[in-house]
Structure formats: C-alpha cells, structure tokens
Amino acid sequence: MQFTRRTKKVALGANPELYGHCLQLYGQPPLESVSLVQFETFAVERLKLLKSVENLGVSYVKMSDDYQKKLSTELCSLNFPHRTSVEDKNQTGSTEYEKRRKDHISHFILRLAYCQTEDLRRWFIQQEMDLFRYRFSILSAKYKTEFLHRNNLKYDTISIEEKKTLKDELINSSYGISGATIAEQEFYRVPFQDALDLVRLRKVFLQAGYAYIPHQDIVTIVLNDFRTRLSKALALTARSLPAVQSDERLQPLLNHLSHAYVGQDYSFQKNIGKVSLEQIDPLSTTSFPLCMRQLHKALREQHHLRHGGRMQYGLFLKGVGLTLEQALQFWRAEFVKGKVDSEKFDKAYAYSIRHMFGKEGKRTDYTPYSCMKVILSNPPSQGDYHGCPFRHSDPELLKQKLQSYKISPGGLVQILDLVKGMHYQLACQKYFELTHSVEDAGFSLNHPNQYFTESQKLLGGGKELKKEVEPPQRGQEIAGSNAQSAPTQSPKVQALDKMGDLESFFLDE
Amino acid sequence: MPTSDYDPACLPDLLPLYYRRLFPFSQYYRWLTYGGVSKSYFQNREFSFTLKDDIYVRYQSFSTQNELEKEIQKMNPYKIDIGAVYSHRPSQHNTVKSGAFQALEKELVFDIDMTDYDDVRSCCSAADICSKCWTLMTIAIRILDRALREDFGFQHLLWVYSGRRGVHCWVCDEAARKLSVTARSAVAEYLSLVKGGEETVRKVVLSDPIHPFISQSLGVVENYFNKYAIVDQEVLASKESVDRVLSLLPEDVRKELLVHYQNEKNPVNRWGILTDLVNQKREMSSKKGGYFEKEIMLQYCYPRLDVNVSKGVNHLLKSPFSIHPKTGRVSVPIDVRNVDKFNPFEVPTIRQVLIVRFKISSNPKHGGPLGYSLLCEELDKSRADEEEDGIKNNETQSAERRKIRDYKRTSLAKYIKLFDQFLDAMAHTRKGEILKKSDLQKEF
C-alpha cells in the first residue's frame with residue numbers, strides 16, 4: 001500500500017507464490033495498490049468475521065463441532081479462504097486467489113485500526129488466533145507439514161530410542177496418545193517457551209526445559225509463534241501510525257473500526273455522583289450482578305477484600321458513578337470496622353483507590369472489568385471472592401446461594417444448565433431475568449456495569465425498546481439450546497447481511 | 001511463634017549495626033551483577049525500602065556496591081525489596097519519556113505463604129507457624145525444586161526463608177530472568193494444582209491420564225502425608241475435621257465411611273479404610289478418574305502458590321538477608337539438600353546475630369543509645385585482641401577484613417556460605433557458556 005514506504009514492489013497481477021498456501025502468518029505486508037472501496041469492504045468484512053469469532057467463542061466451547069460448523073459457515077458467507085478450496089488444488093484460479101488476497105490485505109488493514117491501545121491489541125490478537133487455530137486445524141497433515149516448512153518452523157524430532165525411554169511419560173502427558181500413536185507419529189522437542197499454551201494446561205511432557213509434542217498438537221506451537229509475531233508487529237505498527245492517520249481518506253474509517261469493537265466500556269462515567277453510599281446496600285440486592293453482590297456481601301461481612309476483589313468491585317463502583325471521595329469514604333468506613341485502623345487505611349489502601357481513579361502512578365484511568373475479563377483472567381484462590389460466580393463457584397454452593405436469594409427451582413435448573421454448558425454470561429442474564437421478573441432481558445450481557453444500567457432502567461420505570469441488532473448466531477443458539485428459556489422473539493435480524501453503509505453497521509453495540 | 005527475645009522497638013538501634021557489620025554487601029553485589037555479562041544490569045535494578053513509620057520508597061537504584069552500602073547504612077530500612085532490571089536507571093525514571101521506561105528482566109520468583117493453607121491446617125492460623133505445619137513448606141520446596149530443575153531445566157535456584165511464615169524461591173538462570181509475563185504465568189499454572197477460593201469445596205480434581213508431574217509430586221506428598229496430616233494435623237480425628245475430609249468424596253463413599261468410622265477411631269486406620277474403599281471403587285468402575293484419595297492428599301499438602309507474584313516482571317519481592325520487622329528474623333537461604341532439617345525457629349534474629357558476635361547482654365533494655373556505644377566499645381576491644389596478621393592494610397581493606405571476621409563468627413556464617421556456594425555455581429555455569437561460545441567461534 002502506498003504508505004508502507006517500501007521501495008521493493010511486487011509485479012501487479014496474480015503471483016502464485018505469494019498466495020501458494022491458503023493459510024499464512026502475515027509476515028509480509030501487501031505491496032500493491034488497493035482501491036478505497038476495496039479497502040473499506042475488506043476491512044469491514046474481516047471485522048465482521050472477527051466479531052463472529054468472538055461471539056462464537058463465548059457461546060460455544062472453542063473447537064467443538066458446533067463452533068467449527070458455524071465458523072465454517074461464516075468464512076464461506078464472507079468469502080474468506082476456506083477448507084473446500086484448499087483440497088482442490090486446481091482451484092487456484094482467480095476465486096481462491098482473490099480470497100487469499102483479501103485475507104492478506106484485510107488483516108493488515110485491521111492491524112492499523114487495532115494497534116493503538118493495549119485493549120484493542122489484545123482483542124485483535126485473541127480473535128486472529130482463534131481464527132488461525134480453526135483454519136490450521138482443518139488442514140490435512142500434508143498441508144500442515146507444508147505450512148511448517150514454508151514458514152521455517154523447524155523443530156527437532158526425537159529419536160526412536162528416546163521415544164521408547166519416554167513412552168510412559170508421553171502417554172500420560174497427553175490425552176489421546178497411545179502406544180501406537182507414539183510409534184506412528186513424529187514427536188518434536190520444542191523449548192518450553194515456544195509451547196506455553198500446552199505448558200500452562202499441563203498437556204505436554206516437559207523435561208530439562210523442553211516440551212515433547214506430537215505432530216498432531218503442533219498447532220499450539222504454531223499459534224504461539226503467531227501470537228508472538230503479531231504482538232511485535234502491532235507494536236511496530238503503532239509507531240508508524242501517525243503517518244497513516246494523517247491520510248484523511250483513511251482516518252475516519254480506521255477510527256470507526258476500532259470503536260466498533262470497544263463499544264461501551266463504561267470508562268466514561270455518565271452518572272457521576274448520582275449514587276449515594278446509603279443506596280449501595282439495597283442496590284446490591286436489586287441491581288448488582290451476582291459477582292458484585294457476592295463481593296459486596298463479603299466486604300460487609302469480612303470488612304476486608306483482597307486485591308483482586310478490590311479491583312473488580314472498586315472499578316465497578318466507579319462505573320456505577322461513585323466519585324473518588326465517595327469511594328474513599330466507602331472503603332475506609334468498611335475497612336476500619338475490621339482490623340485496619342484509619343491511619344493504616346490511608347497508608348496502604350487509599351493509594352490504590354486513587355490509583356483506580358487515575359490519580360496516581362502513570363495516571364491510567366482504569367476501566368471497569370468486562371464479563372470476558374472477569375471470567376477469563378485472574379481466577380480466585382483461597383480467601384478470594386472475586387471472579388464470576390457462574391464460572392468460579394462450585395455448582396453446589398452456587399445453587400445454595402441462589403436458593404437463598406429466592407430463585408425459583410425452575411429458574412435454578414435453567415441457570416445450572418447454562419453453567420454446565422459454560423454459557424456463563426447467559427446464566428447471569430437468566431439471573432437478571434429471574435430477579436427482575438421479566439421474560440427476556442432485552443440485551444446481550446457482556447459487562448457488569450451494563451447489568452446495573454439495564455437493571456436501573458427497568459426498575460426506574462418503563463423498559464425502553466432498544467434499537468439493538470444482534471448477530472444471528474445468538475438467536476439461533478437460544479432457539480437451539482436445551483435450557484428452556486422463555487421463547488424469544490424471532491431471531492434478531494442481522495441488518496448487515498448486505499454490505500450496507502458503514503454507519504448502520506457500527507450501530508450494533 | 002515461640003518467643004525469642006525480640007522486640008520490634010529495638011530495630012532502630014540494631015539495624016544500623018546489622019547493616020554496618022553483618023549484611024553481606026559484596027556477595028549481594030556479586031549476585032545482582034551476574035558476572036557483568038550485561039552492562040548496567042546492577043545499575044538498572046530497582047530496589048525499594050520500607051523505612052521507619054511505614055514510609056515506603058520505590059525506584060531506588062545504585063551505580064556501585066559502595067553507593068548501595070552507603071545508602072542502606074544511611075536509611076537503615078526496616079525492609080528491602082528487590083524489583084526488576086529496567087531499561088533505564090529506576091532512580092531516573094521520571095526523566096524518561098512515558099512508555100519508554102520498561103521492566104526488562106527479573107528472576108522468576110515464587111512465594112509460598114502459610115496463610116494460604118489456613119483451610120487445611122488445624123494447628124495454627126494466619127501469621128502463626130509451628131513445627132507441625134512447617135512440613136507444608138518442606139513439601140512445597142521438594143516438589144517445586146524438583147519440577148523447576150527436572151521439568152523446566154533450571155539450575156540456579158535460591159530458596160529463602162521469608163522470616164515469618166513462608167518461603168521464597170528465586171530462579172536466577174539467564175533463561176528465567178528473560179521470561180515474559182505470559183511465560184511466567186504459564187510456568188506458575190503448570191505448577192498449580194490447588195484451585196478455587198472460598199466458594200470451592202473440592203479444590204483438586206484429577207483425571208486420566210495422570211501427568212508425570214502430578215505423579216512425581218504425589219510421590220513426595222505420600223512420603224509426608226501420614227505423619228503430617230494423619231498424626232500431626234489429626235485430620236481424621238475430630239468430627240469436624242473428618243467432615244471436612246469427607247466433603248471431598250462422593251456421596252456414596254462418604255456414607256459408607258461414616259458407618260465404618262463409628263467403629264474405628266484410630267486415624268491411621270481410618271485413612272487406610274478410606275484409601276481401600278476409594279481404590280475398590282475405582283477398580284470396579286468403568287468411568288475414568290476416581291482418584292479421590294490422591295485428591296485429598298494434594299488438597300491438604302500440595303504447594304499453594306500465588307500466581308500473581310510469579311507472573312509480574314516488575315513485581316517486588318523481599319530481599320534475602322533482609323530482616324523481617326515483625327519477627328526480627330533474618331531472611332536466610334535454605335539448604336535444599338537438607339531441607340528436612342531446616343527449622344525456622346533456629347533462624348537467628350537480628351538481636352541474636354549481634355549478641356553472638358558481640359557478646360552484648362541479652363537484656364533488652366540494653367538496646368538504647370547507651371547500649372549501642374557499649375557495643376562499639378566491645379567491638380573495638382575484641383578486634384584489638386585479634387590481630388591476625390601483621391600486614392599493613394589500607395583502610396578499605398581493613399574494613400573488609402573486619403566485616404569478614406564479623407560475620408564468620410555469627411550464626412549468619414553458615415547461611416552466607418550457602419549463598420556463596422550458590423554464587424559459585426552460577427559463576428561456573430557462566431564460565432562454561434563462555435567456553436562454549438569461544439569454541440564455536442574457534443577463538444583461542
């Protein structure tokens with residue numbers, strides 16, 4: 001593209017080597033010219049794809065059959081390279097070539113939009129990785145090996161003697177490895193730093209700093225490599241961004257793209273000072289999501305919360321509208337009832353509360369945690385009360401707690417079913433519906449502060465009809481799920497099937 | 001903790017002596033310079049001090065060993081923490097453009113704290129420890145030391161007693177110091193088996209196949225379980241603790257055991273019945289898993305580490321040879337080869353190391369200014385009595401020699417020796433690396 005400032009140029013027109021494999025690591029940026037229309041189209045379609053990836057990842061277990069089927073449909077409908085074309089080598093005609101070119105260019109455009117902040121980068125990397133994981137896994141062994149060779153991922157294989165010596169350990173380290181598998185497959189010896197995903201879950205045998213990986217699991221290694229490269233590349237891109245942003249044709253589009261993801265992050269407090277401290281106790285039972293209700297209760301009972309809990313709850317309260325002064329008063333009053341005297345509070349805890357509000361240190365105004373963040377990061381351990389109760393609590397204890405909150409037995413069953421299916425946010429939404437006595441929450445829960453706002457709206461009188469466009473997967477998933485949820489309205493229409501104008505697309509958050 | 005004659009009020013008087021005469025600055029500097037392989041490694045290291053009245057200062061950094069010594073002897077910190085090696089000198093971080101000041105490297109560290117085991121120990125709680133529950137630390141050290149060495153290939157581990165209720169591990173290999181946040185958290189997760197907070201009853205869940213790491217760790221736990229859990233902690237004695245153990249088992253096993261336990265009161269036998277029953281069930285069942293007795297052992301004994309401590313590259317951790325202000329004990333290295341013999345109550349307090357050396361009265365009242373000058377007199381007197389060699393030394397050399405003599409005679413000596421061995425091993429590895437590199441380059 002014109003602004004990459006590379007002097008080397010590739011001859012225009014089909015270059016068979018450039019797109020010789022349907023999958024790539026996006027090492028080289030595209031060097032050709034692209035029309036503005038194509039630029040926009042490519043970017044928006046890839047964004048749709050990535051958002052689908054995100055939604056599917058929350059609604060289904062990743063890489064399960066349903067997940068794969070739905071993702072496959074998405075790839076087809078959005079015209080991205082897909083499995084069927086791979087196997088048919090004859091199809092490197094213009095259609096398949098076009099798809100791969102689109103894949104390449106659209107990825108690089110989105111890098112521009114998503115390199116700017118830590119949050120955006122993290123989101124982009126996560127979705128691109130999930131997408132890559134799927135696409136790699138559906139390749140046949142032959143194409144997998146070809147991919148490895150094309151991309152210089154050369155790892156040592158272990159000798160037959162070593163396989164024999166380590167046979168038992170290898171069998172016991174990975175699910176699905178039998179004596180036969182060991183004999184048949186190659187095992188690679190990879191430094192553990194290159195196999196972190198497998199190490200983290202203890203799905204691999206480790207010895208002397210090396211992970212022993214069967215060929216069938218090599219995707220995890222590749223993913224690690226993918227993530228590292230992409231992370232570095234995004235950092236580099238961020239540095240050359242000013243030059244790009246000065247191009248006024250591109251600036252509005254790129255801004256739109258990155259805001260479309262972020263949507264409501266509750267960093268801008270709309271109701272500052274509108275909540276008084278006395279209201280917090282009653283609000284915690286009527287309008288707080290379960291995680292915050294649990295934290296509030298623990299705080300009141302123990303007169304203390306550990307760091308994880310203070311962060312999750314403190315930032316939530318900020319999003320609800322507490323001012324810094326109110327927050328300090330709130331926390332101090334509670335802690336002082338416990339083992340902490342006023343002086344110690346000022347020394348040890350006040351600093352971190354001010355930090356939350358962006359008044360200390362590098363003055364980052366921290367945003368309240370979204371459901372994704374609460375569910376996926378920093379799981380609670382002994383002595384902690386943070387996290388997502390639907391994710392982190394023992395089902396038995398969760399059941400007891402919900403019973404004590406007077407949830408009906410029927411509703412309880414629905415919630416527990418959703419929890420078993422790992423649909424934590426849906427379970428929380430069900431909790432919302434049951435505690436507010438409505439059939440349908442009317443929103444797609446992904447943030448604790450959203451729960452609060454919606455609850456207040458409902459209780460404040462009159463449920464506003466939201467102009468909300470949900471991706472079709474949500475509708476289908478509700479219709480198909482086992483939980484007997486209240487019948488929803490017909491699956492919300494996705495008004496974006498056709499490439500409508502940009503504005504309408506970005507209104508869906 | 002059983003009382004030693006320690007009173008925190010004595011710190012302002014004793015710390016200056018400790019830092020002047022006993023703190024092993026040259027070994028410390030040798031450690032943190034890592035052979036000078038990386039330029040500015042020591043200069044870019046963050047230290048933090050906790051001073052009197054809980055004043056906390058971060059981003060301390062020093063250019064030389066001398067500067068470090070002088071500053072510590074001036075500030076007499078109650079506590080010293082070590083942080084990361086940054087891209088610039090921490091003391092100048094305000095002058096660096098925001099975003100450019102980054103934590104680059106740090107040792108991989110682990111912090112095992114006894115309070116994390118409160119739900120499974122009956123002898124003590126919170127900050128207290130005793131010889132019965134100390135076994136948990138022994139188990140933790142054995143399991144983690146093996147895994148870090150054999151599974152991850154690390155060689156240079158420094159295990160340190162925190163001074164009160166836990167242990168720290170500093171993994172100092174070059175590869176460890178260069179690990180990213182993601183890598184550190186992956187290592188910590190690999191090593192974590194006990195998961196869940198207040199809301200989780202069954203914190204360990206094992207399924208087939210059992211990973212070699214888990215088998216190895218179980219091997220260690222099994223060595224200690226009978227004495228530690230059944231005998232000392234009496235987990236199968238009282239009704240209350242029996243119920244807690246049984247809550248980890250499926251309903252049918254629990255019911256059957258309760259019946260057996262009405263007739264069998266001996267905890268050792270009770271455990272035998274439990275394991276027999278669970279094994280029977282597992283053999284008869286077609287389902288996978290069912291390793292309930294192993295899960296119990298792990299829940300009661302397996303190391304509980306705080307992933308957040310290990311994950312952050314910029315995380316600050318208490319320095320070895322720092323004093324723990326609440327107990328007065330020195331944070332000393334632990335000899336892993338003799339880990340069963342380590343007794344936290346035998347670790348000297350700051351007062352004890354000074355008493356041993358300077359033969360001051362153990363009357364706490366002698367901690368005041370008068371006592372201090374008495375001490376110095378003692379010191380000068382006994383030094384005069386001990387001219388070892390008649391060689392004329394310049395001033396700095398004699399100060400060094402004095403320091404060497406001083407700590408050799410305190411009970412700190414053996415711990416500093418351990419530290420020296422640790423440093424020698426690292427130096428040896430570095431030499432090996434240099435030889436390897438020059439072989440490859442065919443240099444002479």
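User: Leaving aside neighbours within four places in sequence, which residues is A:H21 in contact with?
Analyst: This is a predicted model, and in it A:H21 sits in the segment before α1 (36–59) of chain A. Setting aside neighbours within four places in sequence, the residues in contact with A:H21 are A:R100, A:L139, A:Y143, A:E146, A:F147 and A:R150.

User: Is A:H21 buried or exposed?
Analyst: The cut-off for buried is under 20% relative accessible area. A:H21 has 7% relative accessibility, so A:H21 counts as buried.

User: How far is the backbone nitrogen of A:L23 from a polar atom of the A:H21 side chain?
Analyst: A polar contact needs a pair of N or O atoms within 3.5 Å. Between the backbone nitrogen of A:L23 and a polar atom of the A:H21 side chain, the distance is 3.1 Å.

User: Which strands stand at the edges of the open sheet in chain A, and why is one side of each left without a neighbour?
Analyst: The 4 strands go in the order β1-β2-β4-β3, with antiparallel pairing. Each edge strand has a single partner, so one side of it has no neighbour in the sheet; the edge strands are β1 (156–157) and β3 (205–207) of chain A.

Definitions and conventions: Residues are numbered from 1 along each chain as its sequence is written. Chains are lettered from A and ligands numbered from 1 in the order in which they are written. This is a predicted model: local features need pLDDT of at least 70, side-chain atom pairs count only at pLDDT 80 or more; totals for chains, interfaces and linings use all residues. Side-chain values use heavy atoms; hydrogens and water are left out. Two strands pair if DSSP finds at least two bridges between them. Helices (H or I, at least four residues) and strands (E, at least two) are DSSP runs, numbered from the N terminus. Buried means under 20% relative accessible area, exposed over 50%, partly exposed in between (1.4 Å probe, protein chains only). A polar contact is a pair of N or O atoms within 3.5 Å; within protein, one must be able to donate a hydrogen and the other to accept it, and residues adjacent in sequence count only if both atoms are side-chain atoms. Contact means heavy atoms within 4.5 Å.
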